[in-house]
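Me: Hi! I have a structure open and would like to go through some side-chain contacts with you. Could you take a look?

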Amino acid sequence: AKAAKVAGDIGLLDTEKNYMIVVTKDGKLVTVDYTTKTKVTELKASQAKMSDIGLGSKAAVEYVEKGGKNVLTKIEFFPAKGE
């Protein structure tokens with residue numbers, strides 16, 4: 001499956017159930033699941049972890065559909081203002 005891309009703000013990040021909701025500019029909510037193998041990059045020349053992503057962060061994510069779920073394959077984010 002080809003990876004889909006979506007960009008927007010992180011509206012929810014659940015690090016216990018390993019999923020997040022991205023809110024697009026037009027208000028669409030996209031739920032994506034992730035694993036420990038998901039590539040996470042903070043856009044300031046350093047590697048990052050899912051727990052580094054704060055609510056309101058600007059993000060661009062790639063995901064593939066597996067078993068009826070959107071599974072996150074890659075995320076790049078700018079920290080929320082004030083972090």
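Me: How many salt bridges does a search of the whole structure find?
Reply: The search turns up 4 salt bridges. Keep in mind that this is a predicted model.

Me: Nice. What does Lys58 form a salt bridge with?
Reply: Its partner is Asp9, and the closest N and O atoms are 2.9 Å apart. Lys58 is in strand β6 and Asp9 is in strand β1 (residues 4-14), so the pair ties together parts that are 49 residues apart in sequence.

Me: OK, on to Asp52. Which side chain does it meet in a salt bridge?
Reply: That would be Lys49, at 3.8 Å from N to O. Lys49 counts as exposed, with 52% relative accessibility, while Asp52 is partly exposed at 30%.

Me: What about Glu76, which residue does it form a salt bridge with?
Reply: Glu76 pairs with Lys74, and their closest N and O atoms are 3.9 Å apart. Glu76 is partly exposed, at 29% relative accessible area, and Lys74 is partly exposed at 26%.

Me: Changing topic: where is Ser51 found?
Reply: Ser51 is in the loop between β5 (46-47) and β6 (58-66).

Me: Why does Ser51 count as exposed?
Reply: Because its relative accessibility is 53%, and exposed means over 50%.

Me: Last one: what separates the C-alpha atoms of Ser51 and Val40?
Reply: A distance of 10.0 Å, with the two residues 11 apart along the chain.

Conventions:
Residues are numbered from 1 along each chain as its sequence is written. This is a predicted model: local features need pLDDT of at least 70, side-chain atom pairs count only at pLDDT 80 or more; totals for chains, interfaces and linings use all residues. Side-chain values use heavy atoms; hydrogens and water are left out. Helices (H or I, at least four residues) and strands (E, at least two) are DSSP runs, numbered from the N terminus. Buried means under 20% relative accessible area, exposed over 50%, partly exposed in between (1.4 Å probe, protein chains only).
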